[in-house]
Amino acid sequence: MRILNALMSLVTLAALSGCGAGPLPDEADEESSGVTQDALTTENALTVNAMTANALTLNALTANAMTLNALTLNAMTLNAIAAIQAPTAQGDLNRELLRYIVACALKPNQSFDFTWTDSGDAVHDEHYVGQLGLAPKWAKGRLDKDGQEMVSACLAAKVNFYGVQVTISVRSGEKPLKLHPHNPELDDYPNIEGAFWGNLWASQPYLNACYMSSNVDNSRDQQRDCAAGHVLPDGSIEQCGIIDIVGSCSSVCKKFNSSRGYYEDCKQKPGVSHKRTDNVITTSLL
């Protein structure tokens, strides 16, 4: 699998790449209501190949490459620029991953633009628009630890084993994914799939997933396999790239907020650390 390579090349790229955006509006004080469904109906088919170990090459994880300066083209290293401009299959994965990073991190009024030339000398103008706005300040400043973890969780939640679009609802205790208890999205997408969290910018990058045991069959029926794993013909389970399936959410997450539809926090690295994180994204399906 090439997810890790694509992901790390892309993460490297995102950490150092260019982002053209308009002025940032002030942070809203009120809770978000409705941004999630609209944003995720169109960008939910991040392929496993874009998130494999090969995609996140360790060579891309150098101190220089992984600096977390503003997401601007001027801040990119030559290696990062070359990664997204490569006229190769790996370049396609890098661009796919970058598009999802931008969608997770930036707001709809922010974008990332660049060009690349394919092997036939045709020039392609890329325009990646933000959607969820989980780390909009990254457009002008450093990506902080909360931003790293929320963008990482978002990327994991958007991976689809089959590379197909599936409408999902994403929730969190963190804005802008914190839904109001009366938001109709909670009723429209009642079947909790599971939760995703991690940090692709950590010294040892990781992504975790857990599943809602009672809804595993429903999730797989809707071609969503990455929380519980893809069942192979011999009955064994295949994970989605570097996403580590750590068990049922009830065993690793502290509490499910039933009025808002999300897990409040989970064990940061089950079996390795006793620390917990609330930078968790819960996904729910029809």
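Predicted model: local features only at pLDDT ≥ 70, side-chain atom pairs only at ≥ 80, totals over all residues.
Residues are numbered from 1 along each chain as its sequence is written, and side-chain values use heavy atoms, with hydrogens and water left out.

**The chain as a whole**

The protein chain comes to 8 helices and 16 strands; these are DSSP runs numbered from the N terminus, helices being H or I with at least four residues and strands E with at least two. Of its 286 residues, 54% are buried. Buried means under 20% relative accessible area, exposed means over 50%, and partly exposed lies in between, using a 1.4 Å probe and protein chains only. Among the contacts with a separation of 6 or more, 76% are between residues 24 or more positions apart, where contact means heavy atoms within 4.5 Å.

**Aromatic rings**

There are 5 aromatic pairs in the structure. Rings of Phe, Tyr and Trp (its six-membered ring) pair if their centres lie within 6.5 Å; planes under 30 degrees apart count as stacked, over 60 as edge-to-face and the rest as tilted. W138 and W201 are edge-to-face, because their planes stand at 85° with the centres 5.8 Å apart. This pair links distant parts of the chain, 63 residues apart: W138 is in the loop between β4 (123-129) and α5 (145-158), and W201 is in the loop between β7 (191-199) and β8 (206-211). Both tryptophans, W138 and W201, are buried. Elsewhere, F112, F114 and Y128 form one aromatic cluster.

**Salt bridges**

Side chains of opposite charge can pair when their charged atoms come close. A salt bridge is a side-chain nitrogen of Lys or Arg within 4 Å of a carboxyl oxygen of Asp or Glu, and the whole structure holds 4 of them. Among them are these:

| Salt bridge | N to O distance |
|---|---|
| E149 and K145 | 2.6 Å |
| E193 and R224 | 2.9 Å |
| D265 and R276 | 2.6 Å |

E149 and K145 share helix α5, where they are 4 residues apart, about one turn of the helix. E149 is buried at 3% relative accessibility, whereas K145 is partly exposed at 48%.

E193 in strand β7 and R224 in the loop between α7 and β9 are 31 residues apart, so to speak distant parts of the chain that the pair links. Both E193 and R224 are buried.

**Backbone details**

A cis peptide bond joins K175 and P176, with omega about 5°; P176 lies in the loop between β6 (169-171) and α6 (185-188). D121 is not a glycine, yet has a positive phi of about 70°. D121 lies in the loop between β3 (110-117) and β4 and is exposed, at 64% relative accessibility. Q223, also not a glycine, has a positive phi of about 60°. The loop between α7 (216-221) and β9 (230-231) holds Q223, which is partly exposed at 36%.
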